[in-house]
Amino acid sequence: MSERSLELAKQSMNGVSKYDYFIVGIGAATFAYFAKGFKANAVIGLNESTFVLFTLLLLALSVISGLKKIERYNTFLEKNGKYLDYSEYLAAYKKNAIEGEHSINEESGEILKPEDSAIKAEALEQLLPKWKDTLEGLSKKICICSNVRDYTLFLSYALLAVSKVLPVL
(Lines give C-alpha, C1' and ligand atoms only; values in the text may rest on other atoms or scores of the structure.)
Protein backbone atom coordinates (compact mmCIF):
# COMPACT_ATOMS: atom_id res chain seq x y z
CA MET A 1 0.00 0.00 0.00
CA SER A 2 1.32 3.46 -0.82
CA GLU A 3 1.87 6.13 1.82
CA ARG A 4 -1.03 8.10 0.41
CA SER A 5 -3.37 5.11 0.61
CA LEU A 6 -2.30 4.38 4.18
CA GLU A 7 -2.92 7.99 5.19
CA LEU A 8 -6.38 7.95 3.60
CA ALA A 9 -7.21 4.66 5.34
CA LYS A 10 -6.11 6.11 8.70
CA GLN A 11 -8.21 9.23 8.16
CA SER A 12 -11.20 7.13 7.20
CA MET A 13 -10.94 4.92 10.28
CA ASN A 14 -10.48 7.98 12.47
CA GLY A 15 -13.55 9.62 10.92
CA VAL A 16 -15.68 6.51 11.40
CA SER A 17 -14.66 6.28 15.06
CA LYS A 18 -15.40 9.95 15.73
CA TYR A 19 -18.79 9.67 14.04
CA ASP A 20 -19.67 6.57 16.09
CA TYR A 21 -18.73 8.25 19.38
CA PHE A 22 -20.64 11.37 18.36
CA ILE A 23 -23.84 9.49 17.53
CA VAL A 24 -23.67 7.40 20.71
CA GLY A 25 -23.02 10.59 22.69
CA ILE A 26 -26.05 12.32 21.17
CA GLY A 27 -28.25 9.35 22.01
CA ALA A 28 -26.92 9.09 25.56
CA ALA A 29 -27.27 12.84 26.19
CA THR A 30 -30.81 12.88 24.83
CA PHE A 31 -31.69 9.85 26.96
CA ALA A 32 -30.24 11.49 30.08
CA TYR A 33 -32.08 14.75 29.43
CA PHE A 34 -35.50 13.17 29.00
CA ALA A 35 -35.05 10.41 31.58
CA LYS A 36 -34.19 12.96 34.26
CA GLY A 37 -37.36 13.60 36.18
CA PHE A 38 -39.52 11.47 33.85
CA LYS A 39 -42.55 9.93 35.50
CA ALA A 40 -44.63 7.58 33.41
CA ASN A 41 -48.41 7.70 33.58
CA ALA A 42 -50.15 4.62 34.83
CA VAL A 43 -52.26 4.66 31.65
CA ILE A 44 -50.57 3.65 28.42
CA GLY A 45 -52.23 5.20 25.43
CA LEU A 46 -51.95 8.07 22.98
CA ASN A 47 -50.45 10.52 25.44
CA GLU A 48 -47.19 12.39 25.83
CA SER A 49 -45.94 10.15 28.63
CA THR A 50 -46.31 6.99 26.55
CA PHE A 51 -44.50 8.53 23.60
CA VAL A 52 -41.64 9.71 25.83
CA LEU A 53 -41.46 6.24 27.39
CA PHE A 54 -41.09 4.61 23.96
CA THR A 55 -38.60 7.31 23.00
CA LEU A 56 -36.48 6.44 26.03
CA LEU A 57 -36.61 2.74 25.16
CA LEU A 58 -35.53 3.45 21.58
CA LEU A 59 -32.75 5.76 22.75
CA ALA A 60 -31.48 3.10 25.14
CA LEU A 61 -31.49 0.56 22.31
CA SER A 62 -29.68 3.05 20.07
CA VAL A 63 -26.96 3.70 22.65
CA ILE A 64 -26.48 -0.01 23.41
CA SER A 65 -26.28 -0.97 19.73
CA GLY A 66 -23.90 1.95 19.11
CA LEU A 67 -21.61 0.79 21.89
CA LYS A 68 -21.71 -2.78 20.55
CA LYS A 69 -20.87 -1.43 17.09
CA ILE A 70 -17.83 0.40 18.49
CA GLU A 71 -16.73 -2.73 20.35
CA ARG A 72 -17.12 -4.95 17.29
CA TYR A 73 -15.39 -2.40 15.04
CA ASN A 74 -12.37 -2.35 17.37
CA THR A 75 -12.32 -6.16 17.38
CA PHE A 76 -12.57 -6.11 13.58
CA LEU A 77 -9.58 -3.78 13.31
CA GLU A 78 -7.52 -5.99 15.62
CA LYS A 79 -8.39 -9.18 13.75
CA ASN A 80 -7.91 -7.52 10.36
CA GLY A 81 -4.42 -6.44 11.43
CA LYS A 82 -3.57 -10.02 12.32
CA TYR A 83 -5.07 -11.26 9.06
CA LEU A 84 -2.87 -8.86 7.10
CA ASP A 85 0.20 -9.90 9.12
CA TYR A 86 -0.52 -13.57 8.46
CA SER A 87 -0.97 -12.84 4.76
CA GLU A 88 2.47 -11.20 4.67
CA TYR A 89 3.99 -14.13 6.54
CA LEU A 90 2.41 -16.53 4.06
CA ALA A 91 3.96 -14.65 1.13
CA ALA A 92 7.38 -14.63 2.83
CA TYR A 93 7.20 -18.35 3.69
CA LYS A 94 6.18 -19.26 0.15
CA LYS A 95 8.99 -17.16 -1.28
CA ASN A 96 11.52 -18.83 0.99
CA ALA A 97 10.18 -22.30 0.15
CA ILE A 98 10.38 -21.59 -3.58
CA GLU A 99 13.84 -20.04 -3.49
CA GLY A 100 15.15 -23.01 -1.53
CA GLU A 101 17.58 -21.09 0.67
CA HIS A 102 17.82 -20.54 4.39
CA SER A 103 16.43 -17.22 5.59
CA ILE A 104 16.08 -15.35 8.83
CA ASN A 105 12.79 -14.21 10.29
CA GLU A 106 13.62 -10.56 10.96
CA GLU A 107 11.05 -10.25 13.75
CA SER A 108 12.04 -13.31 15.78
CA GLY A 109 15.56 -14.03 14.55
CA GLU A 110 14.51 -17.59 13.73
CA ILE A 111 16.46 -19.32 10.96
CA LEU A 112 14.08 -20.87 8.48
CA LYS A 113 14.84 -23.77 6.22
CA PRO A 114 12.83 -24.10 3.01
CA GLU A 115 11.07 -27.19 4.43
CA ASP A 116 10.05 -25.29 7.57
CA SER A 117 8.79 -22.43 5.45
CA ALA A 118 6.69 -24.81 3.35
CA ILE A 119 5.13 -26.32 6.50
CA LYS A 120 4.35 -22.88 7.94
CA ALA A 121 2.95 -21.69 4.61
CA GLU A 122 0.64 -24.71 4.46
CA ALA A 123 -0.58 -24.05 8.02
CA LEU A 124 -1.29 -20.42 7.18
CA GLU A 125 -3.13 -21.41 4.02
CA GLN A 126 -5.46 -23.44 6.24
CA LEU A 127 -5.84 -20.63 8.78
CA LEU A 128 -6.39 -17.60 6.54
CA PRO A 129 -9.79 -18.61 5.10
CA LYS A 130 -11.10 -19.07 8.66
CA TRP A 131 -9.83 -15.61 9.61
CA LYS A 132 -11.46 -14.16 6.49
CA ASP A 133 -14.80 -15.78 7.41
CA THR A 134 -14.50 -14.35 10.91
CA LEU A 135 -13.85 -10.89 9.48
CA GLU A 136 -16.85 -11.17 7.16
CA GLY A 137 -19.06 -12.23 10.06
CA LEU A 138 -17.86 -9.30 12.16
CA SER A 139 -18.44 -6.96 9.24
CA LYS A 140 -22.07 -8.08 8.96
CA LYS A 141 -22.59 -7.64 12.72
CA ILE A 142 -21.08 -4.16 12.55
CA CYS A 143 -23.49 -3.27 9.75
CA ILE A 144 -26.47 -4.59 11.74
CA CYS A 145 -25.42 -2.62 14.83
CA SER A 146 -25.05 0.54 12.72
CA ASN A 147 -28.49 0.11 11.21
CA VAL A 148 -30.14 -0.59 14.56
CA ARG A 149 -28.37 2.40 16.12
CA ASP A 150 -29.30 4.78 13.32
CA TYR A 151 -32.91 3.69 12.83
CA THR A 152 -33.72 3.61 16.55
CA LEU A 153 -32.15 7.04 17.00
CA PHE A 154 -34.22 8.40 14.09
CA LEU A 155 -37.41 6.79 15.39
CA SER A 156 -36.78 8.08 18.90
CA TYR A 157 -36.47 11.66 17.64
CA ALA A 158 -39.58 11.23 15.49
CA LEU A 159 -41.53 9.92 18.50
CA LEU A 160 -40.17 12.74 20.62
CA ALA A 161 -41.39 15.29 18.08
CA VAL A 162 -44.83 13.64 18.00
CA SER A 163 -44.94 13.59 21.82
CA LYS A 164 -44.37 17.33 21.93
CA VAL A 165 -46.98 18.07 19.23
CA LEU A 166 -49.55 15.63 20.64
CA PRO A 167 -50.79 17.90 23.48
CA VAL A 168 -51.50 20.65 20.95
CA LEU A 169 -53.72 18.38 18.86
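Predicted model: local features only at pLDDT ≥ 70, side-chain atom pairs only at ≥ 80, totals over all residues.
1. Val52 is found in helix H2, where helices (H or I, at least four residues) are DSSP runs numbered from the N terminus. Val52 counts as buried because its relative accessibility is 5%; buried means under 20% relative accessible area, exposed over 50%, and partly exposed in between, with a 1.4 Å probe and protein chains only. Val52 and Val168 are 116 residues apart along the chain, and their C-alpha atoms are separated by 16 Å.

2. Residues are numbered from 1 along each chain as its sequence is written, and side-chain values use heavy atoms, with hydrogens and water left out.

3. Ser65 is also found in helix H2. With a relative accessible area of 7%, Ser65 is buried. From Ser65 to Lys95 the separation is 30 residues in sequence and 44 Å in space, C-alpha to C-alpha.

4. The length of H2 agrees with its residue count. At 1.5 Å a residue, its 52 residues should span 76 Å, and the end C-alpha atoms of H2 are 75 Å apart, which agrees; the expected span is 1.5 Å times one less than the number of residues. After H2 comes Gly100, whose phi is positive, near 75°.

5. How do H2 and H3 cross? The axes of helix H2 (residues 48-99) and helix H3 (residues 114-165) come within 6 Å and cross at roughly 165°. Axes here are lines fitted to C-alpha atoms, for helices over the stretch in contact, and angles run from 0 to 180 degrees between N-to-C directions. H2 and H3 are therefore roughly antiparallel to each other; angles under 35 degrees count as roughly parallel, over 145 as roughly antiparallel, 65 to 115 as roughly perpendicular and the rest as oblique. H2 passes H3 in a left-handed crossing, meaning that the near helix is turned anticlockwise from the far one by less than a right angle. By class, the contact of H2 with H3 has 31 nonpolar, 15 polar and 13 charged residues. In this classification Ala, Val, Leu, Ile, Met, Phe, Trp, Tyr, Cys and Pro count as nonpolar, Asp, Glu, Lys and Arg as charged, and the others, Gly among them, as polar.

6. The axes of helix H1 (residues 3-35) and H2 come within 9 Å and cross at roughly 155°. That angle makes H1 roughly antiparallel to H2. The crossing of H1 and H2 is left-handed.

7. The largest nonpolar core has 13 residues, and those with the most contacts inside it are Phe76, Tyr83, Leu90 and Tyr93. The elements that give two or more residues to this core are H2 and H3, and H3 gives the most, with 7 residues. A nonpolar core is a set of buried Ala, Val, Leu, Ile, Met, Phe, Trp, Tyr and Cys residues joined through side-chain atoms within 4.5 Å.

8. Leu90 lies in helix H2 and is buried, with a relative accessible area of 12%. Leu90 and Lys10 are 80 residues apart in sequence and 25 Å apart in space, C-alpha to C-alpha. Ala123, by contrast, lies in helix H3 and counts as partly exposed at 49% relative accessibility. Between Ala123 and Leu90 there are 9.0 Å in space, C-alpha to C-alpha, at 33 residues apart in sequence.
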